[in-house]
Amino acid sequence: MAHITKATSVRDWFDQRIALTKLWNVLAGQYWIPKNINFLWAMGVILTVLFTLLFISGLLLLMYYKPDANLAFDSVNYTIMKEVEYGWLWRHIHAVAASVIFLIIYIHAFVGIYYGSYKKGREMIWISGMLLFLIFSAEAFSGYMLPWGQMSYWAAQVITQLFGGIPFIGGALVEWIRGDYAVSDPTLTRFFMLHVCLLPIVIIMVIGLHFYTLRVPHVNNLEGEEIDFELEAEKYLKGDTINSKVIPFWPGFLSKDFFYVSLFMIFFFYLVSFHFNFAMDPINFDPANAAKTPTHIYPEWYFLWQYEILRGFFFDIGPLKAADIGALAMAFAGISLLFMPLYDRSDVVAPAHKRKGFCVWFWLLIIDLIILTVYGKLPPTGFNAWIGFFASIGYLALLLVVLPIITIKERKANK
Ligand code: HEM
């Protein structure tokens, strides 16, 4: 055991037992961040704050929510919204945060793509981030089911049915996921378990992993400059804070982030107070009814691009059924960005505006995703269906064909 002496302060008492100062330095006081970054690097901390808000508001909602197909709708729409004091406020906070977190996740991920933060030693940051995106998608989908309104029910119907396309085991798998032949009470209770227990535990663990993966390569910067963090940290610690290219996570980086988080919170509570409806579909204020299909089923805005890829392939190709091609394309689209470090064959780490071909590619991808999102909400008939088809093909081609070609050229030009 370590030699324990009489403590000179409370801090010293803890230091002797759990090396508190050392831990603090590893986590924050001597965790080095480049100076050359801007507000776009605050998104990670904003995401952490949003997840905390979702967690706290979720705990409060859980006190009154009833995971039972006969009671769920009323427990949300009457008990929480009308009877519990400030229940409406916590529900709006939860719903708006669930929607806005995807906006920030998309910005955070596309900032990573724009600055090439998935390359050269940062692949694990990227992979753990994409895992978070996938688990958050499952978390959002399972949460959407809980109010047991019409959209909850029919979205569950459509999405669980997709597994039916898997050869041989499809039918049995759908039944296993639903816990019944049709979406019903057991489906609700298992998605409830996922939403409030299993997935949050996994999310917390993967956020921990994501933070850990940042430790060795450190965050990127506005120029993609390769910084010798040890050397720069030494300069900083010797007092040459002006010439050092780095600052500590606390107080340097985080105190600036508090400013951006505060600005974001103004925007967030403006939405919660005045525009909470955008995060809730009007059709979901009708109770689930297995006998009445809504005329038009669509997911929340953040899944529309994937949904449009599912619907984009609306005709059979040879022996392949349209529904199966669409399901395959959507499944691939969901995980497609995970492989960014593989599609990009160049090792140039620089912002997109300094990489000509890549910059054009980046904005084409954004435009394509916006088209998919807009058309994902429209009925897939006539002209709309064809736009959906070409935008879906466009998405796949941009990742699988155009990006490798552009980046191989870039690599050759830089030799
Ligand atoms: C709730 C989910 C997430 C949380 C809480 C989170 C948190 C963070 C934090 C705190 C940072 C460091 C500061 C910053 O660059 O913003 C960071 C960096 C990063 N994250 Fe995430 N992140 C999440 C999701 C994602 C997703 C979905 C991706 C994309 C696949 C991603 C990719 C990255 C990358 C590439 C970096 C490094 C940025 C750089 O080197 O400049 N993260 N994340």
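1. Tyr 86 sits in the loop between α4 (72-83) and α5; helices here are DSSP runs of H or I with at least four residues, strands are E runs of at least two, and both are numbered from the N terminus. The phi of Tyr 86 is near 60 degrees, a positive value in a residue that is not glycine. Is Tyr 86 buried or exposed? Tyr 86 counts as exposed because it has 10 C-beta neighbours inside 10 Å. The cut-offs: 20 or more other C-beta atoms within 10 Å makes a residue buried, 12 or fewer makes it exposed, and in between it is partly exposed, with C-beta atoms placed from the backbone.

2. Before going on, some bookkeeping. This is a predicted model, in which local features need pLDDT of at least 70, side-chain atom pairs count only at pLDDT 80 or more, and totals for chains, interfaces and linings use all residues. Residue numbers run from 1 along each chain as its sequence is written.

3. His 218 is another one to look at: its phi is positive, about 65 degrees, although it is not a glycine. His 218 is in the loop between α9 and α10 (229-237). It counts as partly exposed because 17 C-beta neighbours lie inside 10 Å.

4. On to α5, which has 28 residues and reaches 40 Å from first C-alpha to last, close to the 40 Å expected at 1.5 Å a residue. The expected span is 1.5 Å times one less than the number of residues. After α5 comes Gly 116, with a positive phi near 70 degrees.

5. Ile 135 is in helix α6. It is partly exposed, with 18 other C-beta atoms within 10 Å. Setting aside neighbours within four places in sequence, Ile 135 is in contact with Leu 199, Val 202, Ile 203 and Val 206, where contact means C-beta atoms, placed from the backbone, within 7 Å.

6. There is a cis peptide bond to check: the one from Trp 250 to Pro 251, with omega near 5 degrees. Pro 251 lies in helix α11 (residues 249-274).

7. Helix α16 (residues 382-413) has 32 residues and reaches 44 Å from its first C-alpha to its last, close to the 46 Å expected. It bends by about 45 degrees at Leu 398, the bend being the angle between axes fitted to the seven residues ending there and the seven starting there. Buried residues of α16 include Gly 388, Tyr 395, Leu 399 and Leu 403. The buried residues of α16 pack against α12 (304-312), α13 (322-336), α14 (340-343) and α15 (356-376).

Notes. Contact = placed C-beta atoms within 7 Å.
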